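Trainee: Could you take me through how to read the features of this entry, one at a time?

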Amino acid sequence: MGIAPILAVTQPAFWPLTLILFLPAIVAGILALPLIPRGKDDSIRWVGLATTIAVFVLSLWMAVPAIFGTGSAGQFTVGEAGMQAVVDQPWIPAFNINYLLGVDGISMPLVLLTTFLSVLAAAASWPIEKHVRPYWILFLLLETGMIGVFVSLDFFLFYVFWEVMLLPMYFLIGIWGGPRREYAAIKFFLYTLAGSVLMLLAILMLYFASDVGTLSDEQLIASHVVSPVLEGTERTAALAAIHSAHDAGKPVHTFNLLALAAIGQSQNSPFAATSFWGMTLESWAFLLLLIGFVIKVPVVPVHTWLPDAHVEAPTPISMILAGVLLKLGGYGIIRICYPICPGAGLSFAWLVCGLGVVSMVYGAFAALAQKDFKRMVAYSSVSHMGYVMLGLGVWSAVDGHGYQWDAWAQGVNGAMFQMLAHGISSAGMFFMVGVLYDRVHHRNLEEFGGIFNRMPLYASLAVAIFFAGLGLPGMCGFIGEVLVTLSSWNYSRLLAVCSAFTVILTAAYILWAIQRVYLGAEYKGPHGDHLTPMTRRELAIAVPLVVLAVVFGVAPQLIFNYVTPTVNRQVETLAEWTRGHDGASASAGAAASTDSEKAEFQAAIDSFSVGGGR
Amino acid sequence: MDLESLLPTLLGLAWLLPLVSFAVILFAGPRLGDHGKGAAGVATAAIVGSFVLSLLAFISWVAQHPVHAVAHDDHGGAHASADGAHGSPASHDSASSHDSQGSESAHRTVDEGAGHAGQPVSYSGDWYTLYEGGRLRLTIGWYVDALTVLMFVMITFIATCIHVYASGYMHDELHDITDHEVHLADGSHLHRPGRFHRFFQALSLFCFSMLGIVIAGNLAMVFIFWELVGICSWFLIGFYYERKSASNAANKAFIVNRIGDFGMLIGLMALWGALGTLHFADSTGLDGHARPGLFSLVRPPVARHAQLVPDGMVKFAAAEKVAEVLRSHADDPRAGVEQVEAKVEDWRREGYGKWLLLVAGLGIFCGCIGKSAQFPLFVWLPDAMEGPTPVSALVHSATMVAAGVYLVGRFYPVLTPDALLVIAYVGAITLFIAATIALVANDIKRVLAYSTVSQLGYMMLALGVGGWLAGLFHLVTHAFFKSLLFLCSGSVIHACHTNDMRKMGGLAKVMPWTSGTMLVGCLAIIGAGVPFLDIGLSGYYSKDSILAQALLFARENPSHSILFYAVAGGAMLTAFYMFRLWFMTFAGQPRDHHVHEHAHESPPVMVYPLVALSVLAVVAGWTLPGGFGIANMIDQARPAGTGGTELGGLLFRAFTVPAEHASHAHNIHVTASLTAFATAASGVLLAAAMYVWRVISPAAVAAAAKPLYTFLANRWYFDEIYRFLFVLPVLGMSRLVSATDTGVIDKFIEGLAWGAKQVAGFDAWLDRTFIDGFVNGTANATWHAGLELKKLQTGQLRQYVMFIALGTVAIFVLAGLLLHSSFAG
């Protein structure tokens, strides 16, 4: 048999996705071998950069078929809501653990963001002179870890990548960081590890409570528990095996995220049936997962690792940290928490939204007080990621609003946009701080000034990217913020007002920082003679970020084309679930149940439009 | 081409031309001619192009919809009933769409002949969708009516004048500059290269953004360009960014405006959340379904455009009742929905949603408070005078600050009578405070700045007391004479190199053109005219109609008569401080001979715009025989249903907002004209007595009323009070938050870490003692490895990294093998 069965897989996305995922890790493994002799640091850098570029081009080939000509198998179809490019191979059959990958409108843009920022961060890694080989090995492993989290559809695999990502990050901060790097690295590690442990607990809880035998044949095939590739008798046999086990009272557990979501949203969800200490298993799992994810986001009060990690991390690692790692938290909530635990999601929506708004306001206040440029930017991330939480949480499809899902979908779409926009703007802001730090070796906001006259091109680009952070229309920061803020009103007036209030603070801390650093007559700090213009390499990093910040601000459909179909379908499903949930509790079983009745109800709801149907 | 597709094309191009100019200067800036001199040409060409296109739009509008005097009938109810037939939804031509223009949909609302309670003629549609999900849609689109066309012509004309003027005024920036206001650490002055092209770059972006507000077809688009004019203003105020005062003023302007935007966002949320649309006019979704816009939701044609709390807001406010009804019909959802619809009328009568509508209106008005520098957010505008004078003329007097007034006028149908009364009071307070400060200011630009604030207060007050036309008419006339006044002051500053009026005097002889045109501006702003002949400068007509409407309002609501006294008193203060300015600057003997000797008339490129603007400052208010005039043209755009009397009484005790045409009644009109004349004349005479004839000594007056003088000279201590009430608490709060992070949360985490380290130490001891040397590759070991890192020497690092790399690879090799075995199995 040998390796042949692996190569002969019938799933067209197997090789593209696997390559995108593992190419960095493979190159990291090769770099670990003594093939490139000592002292050839530049060769290592070029290999690393070339790898990230190759991965980026591959992901671009997959995500944007329009560029390369459409039609190839394994490419992503833009505008389709469902899971695509699914790769489904058994991995550890004893525990039903599969090598199950796939992308949809939520994960595909995030994968692209990851591979794109990895290229820029790799280019920004040139000045790193210390332990070049280990640095690049860890850097590439980190990339595999990040992509892996976004494409995994098996919860166990997800967790493995989550951990794979954690360790390189820890070393990258702890070894290549600033003076307090050890403190920052340990802090990062403890926070994230605490989150991971809780997440593992939740994973196991869900695994052991799950039973794919409760799902219908269609659901089993749709969620790839039974591979759609199987035909005829093989398929029948696989389905029969599951059902017979179920009938025999032997539940078939699963780590399959799609199957877990189908189970969690079913009428008699086993997750809602069991309780410990007064809360359903669903609620426990939701909270444990939520803690794990919000530490990554991060939200107040579990955010204090972020400013320290950023201040100590080298520039490229800050870019990755802010640009990609924070998004893993938001991704986890939208991909895992809500679909798998909808009941808990509904009852804890206030918690998600509340944490979001607290982070927005708290982060903005904290940013205003900072004296360290990078710390200020770090707190702005806390504030901006608060919008993501708020947008994800605004579960306003409730009975008083006639189960209208529009406003909620707008919030989630806004949150997704905000994640991608923040990926661009925060990476840009950290890079801009890094450019200055490389020259004058300090970050004290009180000791800058006059940079506009000393480095006009740099200052223009920097101010542009800070404006994106400010949420200026025409820049990427605006769309996400405004969609989230507008959507929050239907969920809670109080939270909406607080989130609107943040715009004042945001303007204050960003403009004040711009004034202190870039405006003014002369530079007040040390090493003034080192304020040289940007190099070509630096421009090659900064310009794409600024261009994208404008492009996404002017043409948000570029992102929404991917995101909206998937998000809307998920939100619509959960809104429908809410109606079933309410209906079941209000008058057991009396709610519209047949398809025709549902359609009729939907027609009635449409006439009940928010706009008033005159 | 019919108007429906012609107007959006012309105005859309007029709107985009300055953006093209911005992009060209942005990328080619310094290479455009000598030291970027060509930038002025590019920007001016673009704005002239915009002006020509706007003029074409204007002409085609007037050709199609002749401007004539609106026949007033005095029976408010009569035309409302006649209107029912015209205003029915059938006249909404919603099916038309124009792919040829790339527009996604287009709408035309025509209801001619219905008098001014009917729908005004307007064209609307969408160019571009920013977001669409479910029923919700945010777009970039247009809403064009007579007001839009007029505003385009006004803005592009003034902007053209100012571009021409600025190419002379900013001449210094073509060379290296020594900025005498900036002292460097070594005691020298700042020496820097000029940035002529950057000025025109920002000016072009401003024109694009400003026109965007005017053409906007929905409130989201207004908000987008609202923020963009804000940032342009930031760039232009902070043009001399080396000066601390300039960058402070720029930040202050933007942040204070954001406070207003905070309120505006709440207003947007209230509308969006309950109504699901921000479009002014009815629109068509991408799905082809017609969606009613804000105007027809709040003033439904079937209700003859009377203001109603829209269904969406009623249901939103009564969400619990809605839920109750739906729950009680859980077995038959369709019946539940029908039941809800049937109950909406009852709920509306019970008052559900009326507060929401008020909040929406006041929220949007908050944005206008910030942008139009109204009390309590007016403090940024005087500081904004740090920008170059052409900027003050264009951005901070004629256009951007008027955007707030424009938006109140545009949004008028949605504003409830109570919101209007709040607006009136805000306007009254603003006009009074600003006028009093202007009395004692000595900086020529600051006098004009406070005058602008005061005049904007007039416009707000006019809108608030039901004078929709009066307020917007004054907006247009004021734009002409105030930009003229600013450009004149710039000409003076250019000649004297100082802003301080105490160093001027007697300049009329050396600067005849400037002094003459400025006199025209002063006469226009005080509303000079002959009452019984009804002839005057532009300000005469607009100010009279404001006075008349305020008087009418005061008569109908005696408890609010103070609004009229504010207007009348303000008129006198205006006359005084404007002529104080003119006399101090141009009349009498020179006060500072050094300044006077160097003074000279400005070059022609700066004088021509003064003359052009002064002509308009004279004629802009005139109505030609046959009825053609700005006032009548604005009146074509009067929102449906807002011409009549409205009753309020939610925030205030019951009151009436009188119909505007009633203020044309003879007795009201005559009283108002005489009041205007008397107050203006007394103000001018007082100024002359103090500064020309010197029968009253200004110094003696100041000494006699020392506390009052100090109070006014310190601008009512607003900056100090705000610093104490808002700035310091916010900074204190930010420090508190930051201290919580390091002092509370981190201390707690560090305590945990200390504990974890103890556990890890114990664990390590266990390992060494019992499981000696055994590395099991579980999470436990990686945890351990991580914590031990602190003790690592870098020599061991390579091994650790190798371990991680190989470990990761090993996991997946293992995966491959298991995969293999599973296939085999």
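**A hairpin and a helix**

Mentor: Six bridges connect strand S1 (residues 84–92) of chain A with S2(A), and the two run antiparallel. Strands pair if DSSP finds at least two bridges between them; strands (E, at least two residues) and helices (H or I, at least four) are DSSP runs numbered from the N terminus. This is a predicted model, where local features need pLDDT of at least 70, side-chain atom pairs count only at pLDDT 80 or more, and totals for chains, interfaces and linings use all residues. Residues are numbered from 1 along each chain as its sequence is written, with chains lettered from A and ligands numbered from 1 in the order written.

Trainee: Which residue in S2(A) is the bridge partner of Asp88(A)?

Mentor: Leu100(A) is that partner. Four residues lie between the strands of this hairpin, and Asn96(A) has a positive phi near 55 degrees.

Trainee: Which way do the residues of S2(A) point?

Mentor: In a regular strand, side chains alternate between the two faces of the sheet. Here Ile97(A), Tyr99(A), Leu101(A) and Val103(A) point one way, and Asn98(A), Leu100(A) and Gly102(A) the other.

Trainee: Why is S2(A) described as largely enclosed?

Mentor: A residue is buried if 20 or more other C-beta atoms, placed from the backbone, lie within 10 Å of its own, exposed if 12 or fewer, and partly exposed in between. Seven of the seven residues of S2(A) (residues 97–103) are buried, so the rest of the structure largely encloses this strand.

Trainee: How many residues of H20(B) are buried?

Mentor: 17 of the 19, so H20(B) is also largely enclosed by the rest of the structure. In chain B, 57% of the 825 residues are buried.
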